[in-house]
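Please read them with the structure open.

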Amino acid sequence: MSDFNVLIIGSGPAGLFTALWLERLGIDRIAIFDRNQYSAGGLLNDGKLNFDYRIGIDLDELQIDKNEAQLLMQEVKKVFITFPLCQQVTFVENTEKIDAWRDVAKEHNVEFIAPEQWHYGTDNGKKFVDHLRSSLAKTTFFLGTEVLSVKKERDRFCLVCTKDREEQIYSGKIVLASPGRSGAYWFRDVAREIGINNNFGPIDVGIRVELNRKYYDTITDVVYDPKFIFYTRCHRDKVRTFCTNPGGRVRIENYDSFKLMNGDSLLDRKTENTNFALINTVSLTQPFSDTTEFGRMIARQFFLLGGGKPIVQRIGDFREGKRSSQSTFNSKTRHFDRCKATYNAVPGDITLGLPARIVDNLWESLKTLDKIVPGILHPSTLLYAPEIKFFDTHFPTSRDLETNIPGIFVAGDGTGKSRGIVGAAVSGMIAAEGIVKKHFK
Ligand SMILES: Cc1cc2nc3c(=O)[nH]c(=O)nc-3n(C[C@H](O)[C@H](O)[C@H](O)COP(=O)(O)OP(=O)(O)OC[C@H]3O[C@@H](n4cnc5c(N)ncnc54)[C@H](O)[C@@H]3O)c2cc1C
């Protein structure tokens, strides 16, 4: 059995930045476990980086103020921009143009956020991860190694893992869990087994919109990934745009019993389309507050309706209350040929799988967005479903991100501490500082 100072579950930005910061603070014998063969987590996806305290982190959840958040983000930025292919794509100094967009949005009671943004593209993801890993000298990677359970034995923790179907056990003084959204459900069960407190926060449920990029270039030429936040009149709910990919591709996220929509773009090869997520924040109280199960139920319903694939509907069909079908999907007479789908989903009816309240909210927001950026409601525009963000399970922690079980820390999207690459990295740095302060001084 190998023994380490810190055992890190998950090699996404949260796990990797925890290791990086631990090393900088003088800690050695760090182990990172990932069930994938390549260490990276979501760092391989797109690499759109938002350096703004209003995006991707929750100040209350992390118990920091906006100045601390900006300082931590600056540290994350220093790491990313040492990678030569990471390029700045939104310049906040471009105030005149950004203010003009903010004013138009305000006229329609929509909040508009334009963060400083950088991008390296999915095509450079592996190179970035190699670049980051090359600076980790005191960390051992256990890849293709799935953590099955976490156990406490006297003053150590043990991870029970499998690699090539063989069981292996690793021990350590501290555990940092950063399993990402794909591991959130698993870690929730582990937490229950070993008594880590957790509860449910809101979940984001919605669609991925894909359109001919010429209708959206007017805004994305100024702000690469514009954030519009709507508070709907129909239900007084919050809907927001998220993860815009100019010239990008619609992508899929694979889970155990369903598939979710997402999007990315390459740095070097662009498509004719732009895509973005439009998501509705949903909170649940009595008698059912389990937002994770609510999201999984919607996702499984789409999986069933689409015969194992996500569903896509043209706005032209949606407006007429009709399902999309293969025979008219690229119809020239209906102008559907203006937007060629970049993902092969099943033409159908997205309203069959989403609750009516969510459909109302999304449609009202799309109509409002069309007033701000005219053209997005062209009949050819594609609506893919479901897009769901599973960062809803929260683990109450100290300011150091330590759970109620001393020695177990959490970070990243899967534990509700971030929503995106930069936020995940920030939470990893906070946890690293907490680990050192509490257990190695
Ligand atoms: C297609 C796509 C595009 C995206 N584009 C962007 C973008 O442009 N900008 C942005 O900010 N965010 C983007 N995201 C989201 C981003 O990837 C996540 O916010 C981020 O990666 C979260 O980091 P994390 O470290 O918390 O988790 P992850 O990066 O998900 O890493 C978690 C890791 O834990 C591993 N793991 C889970 N359970 C276990 C287990 N039991 N045993 C061993 N290993 C386990 C997983 O294999 C995974 O590698 C995108 C996501 C997708 C899917």
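1. Where does D204 lie? D204 is in strand β12. Strands here are DSSP runs of E with at least two residues, helices are runs of H or I with at least four, and both are numbered from the N terminus.

2. A word on the basis. This is a predicted model: local features need pLDDT of at least 70, side-chain atom pairs count only at pLDDT 80 or more, and totals for chains, interfaces and linings use all residues. Residues are numbered from 1 along each chain as its sequence is written, and side-chain values use heavy atoms, with hydrogens and water left out.

3. Is D204 buried or exposed? D204 counts as buried because its relative accessibility is 2%. The classes are buried under 20% relative accessible area, exposed over 50% and partly exposed in between, with a 1.4 Å probe and protein chains only. The side chain of D204 makes a polar contact of 2.7 Å with that of R240. A polar contact is a pair of N or O atoms within 3.5 Å; within protein, one must be able to donate a hydrogen and the other to accept it, and residues adjacent in sequence count only if both atoms are side-chain atoms. Setting aside neighbours within four places in sequence, D204 is in contact with residues including R240, E387, K389 and R419. Contact means heavy atoms within 4.5 Å.

4. V209 is also found in β12, which spans residues 203–212. V209 counts as buried because its relative accessibility is 1%. Residues up to four places away in sequence aside, V209 touches F276, L278, L366 and L382, among others. T241 is 32 residues from V209 in sequence, and their C-alpha atoms are 9.6 Å apart.

5. R240 leads on to another pairing. R240 in β14 is the bridge partner of I229. Strands β13 and β14 (residues 238–246) pair in the antiparallel sense over three bridges. Two strands pair if DSSP finds at least two bridges between them. The hairpin of β13 and β14 has six residues between the strands, and R236 takes a positive phi near 55° there.

6. Strand β5 (residues 111–113) joins β13 by three bridges and runs antiparallel to it. F112 has F228 in β13 as its bridge partner. Four of the five residues of β13 are buried.

7. A separate point concerns an open sheet. Its three strands have the order β3-β6-β4, with antiparallel pairing. The edge strands are β3 (48–51) and β4 (87–90), each pairing on one side only. Neighbouring strands are turned by 35° against each other on average, direction ignored. Four bridges join β3 to β6 (residues 116–119). One of the partner pairs is N50 with Q117 in β6. Helix α3 (residues 66–80) packs on the sheet, touching β3 and β6, and its direction makes about 145° with that of β3. Axes are lines fitted to C-alpha atoms, for helices over the stretch in contact, and angles run from 0 to 180 degrees between N-to-C directions.

8. Last, the ligand. How many residues surround the ligand? The number is 32, and the closest are D34, G42, K48, D413 and I421. An N or O atom in the side chain of D413 is 2.5 Å from an oxygen atom of the ligand. A backbone N or O atom of V147 lies 2.9 Å from a ligand nitrogen atom.

Conventions: Near = heavy atom within 4 Å.
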